[in-house]
Every structure is written in C-alpha cells, then in structure tokens.
Amino acid sequence: MTTTLTKPGPERGPEPAAPPARSRRGLRSKAARAGGQLHAGPVAYVILALFTIGSLFPLVWSAIAASRDNNRLAQTPPPFWFGSNLMHNLQVAWSDANLGKAFLNTTIVAGISAGTIVFLSTIAGFAFAKLRFRGRGALMLIVIGTMMVPPQLSIIPLYMMVAKLDWTDQLQAVILPSLVSAFGVFFMRQYLIQALPDEIIEAARVDGASSWRVVWHVVFPAARPAMAVLGMLMFVQTWNDFLWPFLVLTQTGNPTVQVAVAGLGRGYTPDQSLIMAGALLGTLPLLLVFALFGKQIVGGIMQGAVKG
C-alpha cells in the first residue's frame with residue numbers, strides 16, 4: 001500500500017465581512033469628493049426648475065405684454081399667453097424711439113467702456129497683486145473705498161463739469177466717466193493673485209523681458225478668462241445704464257437704448273404694450289451676446305480654475 005503525502009497549504013483566515021451600509025455610503029461620499037460625479041436628486045431638479053421659471057418670467061411676460069394691446073393689459077385677469085400684435089408693436093417702437101441710432105450709440109459707448117475698463121483694470125490689478133511698491137495697501141484701500149460711495153453723490157459735480165466742457169448731448173459725456181472701474185481693479189487683483197505664479201514673472205524677468213513685455217506676454221494670457229468675464233459684466237452694466245445718460249443725452253439727439261425706450265408710450269394714458277415692446281428690443285442684444293459667448297466665457301473660467 002502506498003501513501004500519498006500532500007503538502008499542507010497555507011491556512012486561510014475567515015472571510016472579511018462586508019462593510020456596513022453606512023460605511024459604503026461614507027466611501028461613496030469620499031469618492032465623490034475626490035473627483036467623482038455627483039448625481040442630482042429630484043429635489044435638486046425641482047429647485048432648479050423653480051429658479052429657472054422665476055428668472056425667465058420677466059422676459060416672457062414682457063414678450064406677452066408686447067404682443068397685446070393696451071386695453072387688454074388693463075383688464076383683469078391679465079393675459080398669460082401671446083397675442084397677435086407683437087410684430088406691429090415692435091415696428092412702432094423701433095420707429096417711434098429711433099432705436100436704430102440708439103442701438104449704434106449704445107454699442108459704441110458699451111464697447112469702448114468695457115474694453116477700456118478691462119485693459120486698465122488688468123494692468124492695475126497686476127500692479128496691486130504682484131508688484132511691490134510703497135503705499136500699495138493704502139492705495140488698494142482707497143480703491144475699495146470708492147466702491148462704498150453712492151454714485152448719485154457725483155452726479156451734480158460731474159454734470160457741472162460736462163456742462164462747462166459743452167459736452168451735453170454728446171457721447172463722450174457718457175463714455176469718459178465710465179472708463180475706469182474700482183470693481184474691475186479689485187476683481188482682476190483677486191484673480192491674478194491665484195492664477196499668476198510669481199515664478200513665471202521671475203522667469204520672464206531673468207530672460208530680459210521689460211515690464212510692458214511681461215504684461216503683454218505673461219499677464220494678459222493668464223488673465224484672459226477673467227478679462228472675458230469682466231468685459232461681459234461691464235458691457236451689460238453700461239448697456240443697462242439709465243440715470244446718467246438720461247441726464248446728459250436727449251431722446252432726439254444722441255440717445256442710448258435706455259434713454260430712447262424711456263420716451264415710448266408717453267401721453268395721458270401710457271401705452272404699456274409699446275413700452276414692453278421697446279424693453280424687449282433693448283434686451284435682445286444682451287441675450288444674443290450671452291448666447292454667442294456664454295459657453296466660451298464659462299469654459300474659460302473652468303480652464304483658469306484648474307491648476308496643473
């Protein structure tokens with residue numbers, strides 16, 4: 001009889017127990033924080049839908065009111081769907097308010113103001129963020145302090161200056177006061193502190209780059225996402241500005257869009273449908289700008305936020 005000897009194998013311990021449900025949820029939450037995707041629940045969709053409806057309601061109501069006549073808008077309950085007078089009211093508003101010239105003037109004013117603000121704010125923000133000079137903190141506090149002053153306080157002295165220069169009813173009276181922005185300087189400073197490493201500036205200095213060359217070839221490329229956002233914000237703000245243009249411009253001379261729309265529907269009984277048609281026309285260019293460049297701006301923000 002032969003006996004077969006078998007080599008004993010390694011002893012196996014007990015099988016590890018499955019982690020409890022609470023631990024699995026904790027692991028999933030850690031994985032999500034580490035870079036995984038988070039999936040929204042039904043409550044999040046409901047909240048987002050409510051916010052979307054609330055944001056779009058003024059625009060939709062303007063379009064509904066512009067498509068009706070003044071008598072229907074005065075009835076109770078008000079209309080909640082579109083009528084058949086939209087194109088007619090838009091044509092009347094365009095011709096009565098001289099919106100063609102107003103659009104051209106507003107585009108010039110908003111374009112020059114936004115471009116100049118972005119250029120000057122980027123340079124000033126770079127100086128406050130990366131350059132070392134005496135009094136930097138005090139000057140930055142002064143810039144921030146100007147943001148606390150109500151703009152209405154400067155209207156009277158500014159109007160006196162414009163009148164002395166004989167600039168009333170001229171576009172430079174609206175352009176020059178809006179060429180700088182304390183908010184733009186603060187915004188670009190905060191962005192460049194994080195987005196522009198000091199090592200890149202030092203490397204450019206070692207290569208013999210001058211200060212202006214550093215600005216053109218280092219600062220502007222690094223600040224491009226923030227410059228796009230600031231430019232869009234300033235363009236929208238200048239486009240929607242009403243008080244100062246209303247004081248120095250006339251509706252028959254060189255009006256901006258807001259000044260021209262303010263002259264619509266005047267009379268013993270204001271024509272609300274005509275006013276809404278003018279407001280809708282004044283809003284469409286901003287919607288077009290955001291539709292064309294909104295994705296690029298958001299993509300630029302995300303690109304600038306990712307650190308390699």
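Let me start with D166, which sits in the loop between helix 7 (155–164) and helix 8 (172–175); helices here are DSSP runs of H or I with at least four residues, numbered from the N terminus. This is a predicted model, in which local features need pLDDT of at least 70 and side-chain atom pairs count only at pLDDT 80 or more, while totals for chains, interfaces and linings use all residues. Residues are numbered from 1 along each chain as its sequence is written, and side-chain values use heavy atoms, with hydrogens and water left out.

The phi of D166 is positive, near 60 degrees, in a residue other than glycine. D166 counts as exposed, at 56% relative accessibility; exposed means over 50% relative accessible area, buried under 20%, and partly exposed in between, with a 1.4 Å probe and protein chains only.

D169 is also found in the loop between helix 7 and helix 8. Its phi is positive too, at about 60 degrees, although D169 is not a glycine. With 22% relative accessibility, D169 counts as partly exposed.

The structure holds one cavity of 30 Å³ or more, a cavity being a set of points on a 1 Å grid over the protein atoms alone where a 1.4 Å probe fits but cannot get out. The largest cavity contains about 50 Å³ of space, the volume being that filled by probe spheres set on the points.

Which residues line the largest cavity? They are T106, V109, V174, T238, W239, D241, P245 and T256, where lining residues have an atom within 4 Å of a point. Helix 5 (99–130) and helix 12 (224–240) each supply at least two residues of this lining.

Methods
1 Å grid on protein atoms, 1.4 Å probe; cavity = no way out; pocket = protein on both sides within 12 Å on 5 of 7 lines; lining within 4 Å.
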